Amino acid sequence: MKITAVYPGSFDPITNGHIYIAERAAAVFDEVIVSILVNERKTSAFTVEERCFMAREALGHVDNITVDSFNGLLIDYVRQKHAGVIVRGLRAMSDFEYEFQMALMNRKLAPEIETFFIVTDPKYSYVSSSSVREIFHFGGTVEDVVPDVVYEKLKGRYNAGR
Ligand code: ADP
């Protein structure tokens, strides 16, 4: 039986920490769908099209990963994709509480879907999309924690007015 996993998130933008989790998930599951959440109530730095483009470029080297976007309830989307697993990444204990709550809520709503946690590489444990945007904005180095496509996009976005 083929198992498809959905790796959902904002990916605003995708970082090497996300890529690490997606690659490891791809080594475990037959298909992995990196699914970018379109959340009208949350303002994002990049449009969903830009986020999808960056994720596709950054993950194009892995055959069994596709990139998609979705809105609404995650479990509805997971069912629609006939996926049995939700993948999430853990960086630190601080992620755990939120992730644990969400996993329990999703299990209550959809007992047949499993949440699967993958622990990050220590070198990415401090990396988040928001810290990348902030550090870049204030002139810090981010090249080593984002793929090239994201670095170029950040330069276009934040250096335009400099
Ligand atoms: P969300 O808004 O859903 O938290 P994110 O794009 O911030 O979306 O994160 C998506 C998933 O990737 C979450 O499970 C998050 O914990 C995980 N993640 C984010 N950054 C990293 C990282 N540096 N290493 C491992 N996992 C990460």
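Close-up 1. Leaving aside residues up to four places away in sequence, Ile14 touches Ile19, Met54, Ala55, Ala58, Leu59, Val146, Pro147 and Val150, where contact means heavy atoms within 4.5 Å. The model is predicted, so local features need pLDDT of at least 70 and side-chain atom pairs count only at pLDDT 80 or more, while totals for chains, interfaces and linings use all residues. Residues are numbered from 1 along each chain as its sequence is written, and side-chain values use heavy atoms, with hydrogens and water left out. Together with Val34 and Val87, Ile14 touches the most other members of the largest nonpolar core, which has 39 residues; such a core is a set of buried Ala, Val, Leu, Ile, Met, Phe, Trp, Tyr and Cys residues joined through side-chain atoms within 4.5 Å. At least two residues of this core come from each of strand 1 (4-9), helix 1 (16-28), strand 2 (31-37), helix 2 (48-59), strand 3 (65-70), strand 4 (85-90), helix 5 (129-137) and helix 6 (148-158). Helices (H or I, at least four residues) and strands (E, at least two) are DSSP runs, numbered from the N terminus. Another core, of 11 residues, lies apart from the largest one, and its members include Val6, Phe70, Ile75 and Val78.

**Close-up 2. The loop between strand 1 and helix 1, with Phe11 and Pro13.** Phe11 is not a glycine, yet it has a positive phi of about 45°. With a relative accessible area of 2%, Phe11 is buried, a class that lies under 20%, whereas exposed means over 50% and partly exposed falls in between (1.4 Å probe, protein chains only). Asp12 is itself buried, its relative accessible area being 7%.

**Close-up 3. The salt bridge between Arg51 and Asp12.** The two side chains meet at 3.9 Å, N to O, and the structure holds 12 salt bridges, each a side-chain nitrogen of Lys or Arg within 4 Å of a carboxyl oxygen of Asp or Glu. Distant parts of the chain are linked by the pair of Arg51 and Asp12, 39 residues apart, since Arg51 belongs to helix 2 and Asp12 to the loop between strand 1 and helix 1. Arg51 counts as buried because its relative accessibility is 5%.

**Close-up 4. Lys155 in helix 6.** The side chain of Lys155 forms a salt bridge with that of Glu152, at 3.3 Å from N to O. About one helical turn separates Lys155 from Glu152, because the two are 3 residues apart in helix 6. Both partners count as partly exposed, Lys155 at 29% relative accessibility and Glu152 at 47%. Elsewhere, salt bridges that share partners bring Asp12, Arg51 and Arg133 into one network. The C-alpha atom of Lys155 is separated by 9.1 Å from that of His137, a residue 18 places away along the chain.

**Close-up 5. The salt bridge between Asp121 and Lys123.** The closest N and O atoms of this pair are 3.7 Å apart. Asp121 is buried at a relative accessible area of 19%, while Lys123, at 49% relative accessibility, counts as partly exposed.

Close-up 6. The buried residues of helix 4 are Asp95, Glu99, Ala103 and Asn106, and they pack against helix 3 (74-80), strand 4 and strand 5 (114-119). Met93, Phe96, Phe100 and Leu104 make a nonpolar surface patch of about 420 Å². The 17 residues of helix 4 should span 24 Å at 1.5 Å a residue, which agrees with the 25 Å between its end C-alpha atoms; the expected span is 1.5 Å times one less than the number of residues. Patches are made of residues with over 30% relative accessible area and no salt bridge, joined within 9 Å for like charges and within 5 Å for nonpolar side chains (Val, Leu, Ile, Met, Phe, Trp, Tyr).

**Close-up 7. His82 in the loop between helix 3 and strand 4.** His82 is a residue other than glycine with a positive phi, near 55°. At 71% relative accessibility, His82 counts as exposed, whereas Phe11, which also has a positive phi, is buried.

Methods
Accessible areas come from the Shrake-Rupley method with a 1.4 Å probe; for residues, only the protein chains shown count as cover.
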